[in-house]
Amino acid sequence: MSTKTLPPLARLRETFTPAGPPTPLFGHSPRRFVRRLPYAVAIVFVAILLPVTVMFLGEGYHLNPDLALVLGLFQVLPLLFAVRRPLLAWAVAFTAHTVCAAAILGFPPGPHLQPWPWTPMGIIGQLLLLLAVGLRERNRTLIAVWTLTGAVSVVFQFIAPGRSNGSWVALFVIGGVLLVIGGLLRERAVTQRALAEQETISEAERSRRTLLEERARIARELHDVVAHHMSVITVQADSAPYRIEGLPDAAREEFGSIAATARESLTEMRRLLGVLRNEDTAAGPGAAERAPQPGAERIPQLVEATVRAGVPVELSMPELPALPQAVDLSAYRIVQEALANVVRHAPGSATRVSVSPDPDGAGLVVLVVNAAPEEDTPPLETGDTGHGLVGMRERVRLVGGTLDTGPLPEGGFRVAARLPLRTEEEPPTV
């Protein structure tokens, strides 16, 4: 509901409601000195104005000393909390000044006209508060504050026209100027903060665009470096039975297996390149993820390929229930990475793969355990980046499962994952 459609009382209440949280004036400044400046100014003016105001109200305007002290406190002390709540501080001080002006009417004027309805110290304090209000509040609130200040001044002038020396005009005019200056500074600060936020967003967009460009560059390099060699392997393996005479059937079958594995690896690499080239792999026709992802039903093929690579693997996988897509893919990838680690770091070691539902039927347990390699069988790779285990943990985390990996006391390595069969959200697959 806009302000124009609100009832009059609600509109008035909203006008005199602070525009935002009680953050300090200049609190957004990066410089410490600027942030502390409003507190310093408030303390200095309170220390100067408070004793002078109390003394002047008692001696100059003949008010009771106790009344002068109370009115002086309510007129000056609001400067201290005007740093955070300027509108409330102005309301308290303005009420105290109005009561003080009415109290002064009870005493006869002196031989010389004195500033009235606002005392000299009161004018200084109100000008400071008006500047603080201008720095914080919305424009319609500034207009209402300025109008109310002028209206009360005119009412007192009408009540006692011969008592004032016209000093209230100075408060009205200078106060209006300070409200305008404060409003302009506030609008400038808001604009600068909006520009800073926009620059932050633009920087994030630039970083995101740079990341996408880097992904595309990596995709091109991967294709140039890897795809050619994988294609050569496939062609050589397919043509070997025709180029080499007298090959036994076992060798022909082995070459066929090598060619099939190379083609499958090339297909998956192209799918990965499609993911790298596209920001959203599922958006629009031609997206890279239209091809079906491998799942647990293809784990026996993984085991068979690993056995052909010289690693004795025993597979235990009973009939599985229907698996969520993320769990199905994660189970395949975990077994794939675990067997790849066995081939690289423990070639020839006996390995056991188990994929089965847990006893309560709420999760899928994936277990890959390999024995220690023979001493006379060196690993194919001695270094380890740890990317494989990191990828496993990330996949398990995305589906809300658990992962336990580590060396065994008697040698070898163990990978155990539990994947829930019900996932709240399917994460993106790669």
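User: Hi! Which residues of the largest nonpolar core touch the most other members?

Analyst: Hello! In this predicted model, the residues of that core touching the most other members are Leu57, Leu63, Trp90, Trp118, Leu129 and Val133, out of 36 residues in the core.

User: Nice. Which elements give two or more residues to this core?

Analyst: Those are helix H2 (32-59), helix H3 (65-76), H5, helix H6 (120-136), H7 and helix H8 (168-243). H5 provides the largest share, at 8 residues.

User: And where is another core, apart from this one? Which residues are in it?

Analyst: The other core has 29 residues, including Leu323, Ala326, Ala338 and Val342.

User: Back to Leu57. What is Leu57 in contact with, leaving aside neighbours within four places in sequence?

Analyst: Leu57 is in contact with His62, Leu63, Ala68, Leu71, Gly72, Gln75, Cys100 and Thr119, with those sequence neighbours left out.

User: What about the phi of His62?

Analyst: Phi is near 65° for His62, which is a positive value in a residue other than glycine. For context, most residues other than glycine have a negative phi.

User: While we're on backbone geometry, which peptide bond is cis?

Analyst: The bond from Trp116 to Pro117 is cis, with omega near 5°. Pro117 belongs to the loop between H5 and H6. As background, most peptide bonds are trans.

User: Now helix packing. At what angle do H5 and H7 pack?

Analyst: Helix H5 (residues 86-104) packs with helix H7 (residues 139-159) at an angle of about 5°, and their axes are 12 Å apart. H5 and H7 are therefore roughly parallel to each other, since angles under 35 degrees count that way.

User: Which residues make the contact?

Analyst: H5 brings Leu87, Trp90, Phe94, Thr98, Ala101 and Ala102, while H7 brings Thr141, Val145, Leu148, Thr149, Val152 and Phe156. By type, the contact of H5 with H7 has 9 nonpolar residues, 3 polar and no charged. Trp90 of H5 is also among the core residues that touch the most other members.

User: Which residues does the "transmembrane region" annotation cover?

Analyst: According to the unreviewed UniProt entry, the "transmembrane region" annotation covers residues 37-57, 63-81, 88-110, 116-135, 142-160 and 166-185.

User: How far apart are the end C-alpha atoms of residues 116-135?

Analyst: They lie 27 Å apart, and the span is 80% helix and 0% strand. For residues 166-185, the end C-alpha atoms are 30 Å apart, with the chain 90% helix and 0% strand.

User: Let's change topic to Ala346. Where does Ala346 lie?

Analyst: Ala346 is in the loop between helix H11 (325-345) and strand S2 (351-357). With 5% relative accessibility, Ala346 counts as buried. Leaving aside neighbours within four places in sequence, Ala346 is in contact with Asn341, Asn370 and Pro373.

User: What separates the C-alpha atoms of Ala346 and Asn370?

Analyst: Their separation is 8.0 Å, for residues 24 apart along the chain.

User: And what about Asn341, buried or exposed?

Analyst: Asn341 is buried, having a relative accessible area of 17%. Asn341 lies in helix H11, and beyond neighbours within four places in sequence, Asn341 is in contact with Ala346 and Met392.

User: One more residue: where is the place of Val311?

Analyst: Val311 is found in the loop between helix H10 (299-308) and strand S1 (313-316). Val311 is buried too, at a relative accessible area of 2%. Not counting residues up to four places away in sequence, Val311 touches Thr306, Val342, Val343, Pro347, Gly348, Ser349 and Thr351.

Notes: Residues numbered from 1 in each chain as written. Predicted model: local features only at pLDDT ≥ 70, side-chain atom pairs only at ≥ 80, totals over all residues. Heavy atoms only, no water. Axes fitted to C-alpha atoms, helices over the stretch in contact; angles between N-to-C directions. Helix = DSSP H or I, 4+ residues; strand = E, 2+ residues; numbered from the N terminus. Parallel < 35°, antiparallel > 145°, perpendicular 65-115°, else oblique. Contact = heavy atoms within 4.5 Å. Nonpolar A, V, L, I, M, F, W, Y, C, P; charged D, E, K, R; others polar. Core = buried A, V, L, I, M, F, W, Y, C linked by side-chain atoms within 4.5 Å. Buried < 20%, exposed > 50% of the residue type's maximum accessible area, 1.4 Å probe, protein only. UniProt positions renumbered as here; feature names shortened; annotations may be inferred.
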